[in-house]
Structure formats: C-alpha cells, structure tokens
Amino acid sequence: MSGVIMRASALTKEYQVRRGALKGTATVKAVNGVNLDIRRGETIGLVGESGCGKTTLGRMLVKLLEPTSGKIEFDGKDVTNVRGRELKEFRRRVQIVFQDPFSSLDPRARIGDSMAEPLLHHGVGDKDERQERVAKMLEMVGLHRSHATRFPHEFSGGQRQRIGIGRALILRPDFVVADEPVSALDVSVQAQILNLLADLQQELSLTLVFVAHNLAVVEHISDRVAVMYLGRIVELAERSELFSRPTHPYTEMLLDAVPASHPRNRRPRAPEASELPSPLDPPAGCLFHPRCPIFEAGFCDEVVPPLHPPPSEPSRLVACHVRIREGQTRTFDEGESQK
C-alpha cells in the first residue's frame, strides 16, 4: 500500500429543491466541501446516517455524478472534467458495485451477456476470449461457469450480488466503490460477500471504498474509516483507533447505537440526541451542534470547525472545536469492544 490513487479536493454537490408553490426553491448541499485522500490498495469505509451524502460522494468519485465544484484526481491526473476517450479509459480503471443487484442487472439479458458487456464496450478480446473471461470471473466469485446462461431472476440475492461484483471486476479495475453491497442481504450471506470482497481485493490489488451504515460490517473490512454528517467528513481515522477511541461526538453516538454482544459489555450511553436537522435548513457553525452534548454556545454554533488532527494524534482528522482544543478522545475498555 503506497501513494494516493484517488484525491477529492473541496468536492461539493448541490441540488435545487422546490419547497412549495409559494416558497420557491432551496439549495441542498448533499456533499459539502469534502477533502479525502484514498491510498492505493486500502479499503476505506464511508459511514453515516441515511442522507449524510456518502452514496453521492461515492458516485462522484466514479463520475456517475458530476460535482458542482471541487476537484477529483485519479492516479495523479485531474479527471474532474474528462470527456470522450479519456473518460472511457477512466471508466475502465474505476468501477462501482451497486446496492441493489437485481435492479442493476438487465432482467432480459443472460448473466454471461451482462458480464461480457463491459469487455465488448472496451474492445477486450474476441467472442471466445470474452466468454472464457466471464466463465473464470464467475468461478472467482463463487459461482459456476454454467450460470452464464441463466437470467437474473433465477438467482438468490447473494448470488446476484456476486454477479454484480464479478461484472464490476471483469475489466480488472484499480479502484472500486461498493455502495452498501450487503445491506439487503441476510447476515450469513453478508459474511460471505464481505469475505469474497476481501479475498478479491488481495488477489487483484484493488483499492476499495466501502459505503455502509452498518458499523460492524465497516469494522470487519476497512483499513480506515471516514464518518460523514450532513455532507461533511467529521472524523477520519485508522479502523482500530476509531472503534477503540472515537473523538468526534457524532462518532461516539454512532458507536453507542451499536447493540452490545452481551449485557456486561454494554457501554454507558451518551445523552439522547435530537432529530437530524433538515438539509434544507442546516444549522450555523458546527452542523452537529444541535445534537451535541458538549457544544459551547457562542462558538460551536457560530464557527464551522475545520477537519484537523488532534495535537497528540497526527494520523487522525476530526472536525470538533472542543475535542481539538482539549485533545480528548473517549477510550473504550477492552470489554466494550465492538467485536
């Protein structure tokens, strides 16, 4: 693992939303000034509540959505506004696994044809070579090569997700965004898909962005974790550091919400948080301050906290005035581990 393969700089995505016949429109910042460096060969988990902007960020990284402002660099090259042949080459190296495998597959096309379509589009091999590559990829994701002749409705949810993963990897990309690939699957099938992704990452030297809201899943597969709240990254840390010593109060709230594996491992809960603010009318200052148990009036509700490393932890980034000033992190005992 070395170097940065993907870099987002001040990345923003805005949408115009109608507020009603008499109220006109409002601007929603689904992603708001995100800066993120993704290292070659790592798995970075992107977590947060529904509506925090993690899926929008993932889709901008693979250029399924165009950013309103900001910059995207891939392998040292600015790809923010690439078009034509350059965009086609970018798509060969960057792929996405969608959340719903059934809706991402053509119900009228056989699986082999769906998986071979990227190869055909990029002019890879002749017909026999493409069929053999599809057969090998089916075996790589735990299916049989004879499954190429079947249709999507003939497979279970877990099998369809394996097909979606295989189709994303058929071009041997360098960078993959997995957008909640296990959220709709049974727990036992989730474990199979997670292990499959981990094995394929090692075998194919992938860089993986894993979008999820399930912290147990993120802890299992990620090297680093980025926590998003209302379009911003509020904490970024190595997996072990974030799960054992969360710094941002929002990260603490997310970890407190994870059910304990045994009553004796139950942690003292933070005060109950209020409702998530509307993205149509976000609060001033720190976006989390209306729900924060440690916010300081006259400061946290007026000044936007930058994403900075705490004084004692240069490898971690956190957007919290109080925690940066005090250099505090909340430490969980060994018995309070998330595992």
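Which residue forms a salt bridge with E132? That partner is R145, and the closest N and O atoms of the two are 3.4 Å apart. Keep in mind that you're looking at a predicted model, where local features need pLDDT of at least 70, side-chain atom pairs count only at pLDDT 80 or more, and totals for chains, interfaces and linings use all residues. Residues are numbered from 1 along each chain as its sequence is written, and side-chain values use heavy atoms, with hydrogens and water left out.

**Salt bridges**

- Side chains of opposite charge can pair when their charged atoms come close.
- A salt bridge here is a side-chain nitrogen of Lys or Arg within 4 Å of a carboxyl oxygen of Asp or Glu, and the structure holds 17 of them.
- E252 pairs up with R323 in another salt bridge, with the closest N and O atoms 2.7 Å apart.
- Are E252 and R323 buried or exposed? E252 is buried, at 8% relative accessibility, and R323 is buried at 8% too.
- K77 and E86 form a salt bridge as well, with their closest N and O atoms 3.1 Å apart. K77 is partly exposed, with a relative accessible area of 41%, and E86 is partly exposed at 42%.
- Salt bridges can also link up into a network, as they do for R40, D75, R93 and D174.

**Cysteines**

- A disulfide is a covalent bond between the sulfur atoms of two cysteines.
- How many disulfides does the structure hold? The count is zero, using a cut-off of 2.5 Å between a pair of cysteine sulfur atoms.
- Take C52: the closest cysteine sulfur, in C286, is 15 Å away from its own, too far for a bond. C52 is buried, with a relative accessible area of 3%.
- For C292, the closest cysteine sulfur belongs to C320 and is 5.9 Å away, which is also too far for a bond. C292 is buried, with a relative accessible area of 15%.

**The sheet and its helices**

- Seven strands make an open sheet with mixed pairing, in the order β6-β7-β8-β3-β9-β10-β11. The edge strands, β6 (94–97) and β11 (317–318), each pair on one side only.
- Two strands count as paired if DSSP finds at least two bridges between them.
- Strands β3 (residues 43–47) and β9 (residues 224–229) pair in the parallel sense over four bridges, and L46 stands opposite A226 in β9.
- Helix α1 (residues 54–61) lies across β3, β6, β7 (175–179), β8 (207–211) and β9, and runs at about 155° to β7. Such angles run from 0 to 180 degrees between N-to-C directions, with axes fitted as lines to C-alpha atoms, for helices over the stretch in contact (heavy atoms within 4.5 Å).
- Helix α9 lies across β9 and β10 (232–238), at about 105° to β9.

Methods:
Buried < 20%, exposed > 50% of the residue type's maximum accessible area, 1.4 Å probe, protein only. Helix = DSSP H or I, 4+ residues; strand = E, 2+ residues; numbered from the N terminus.
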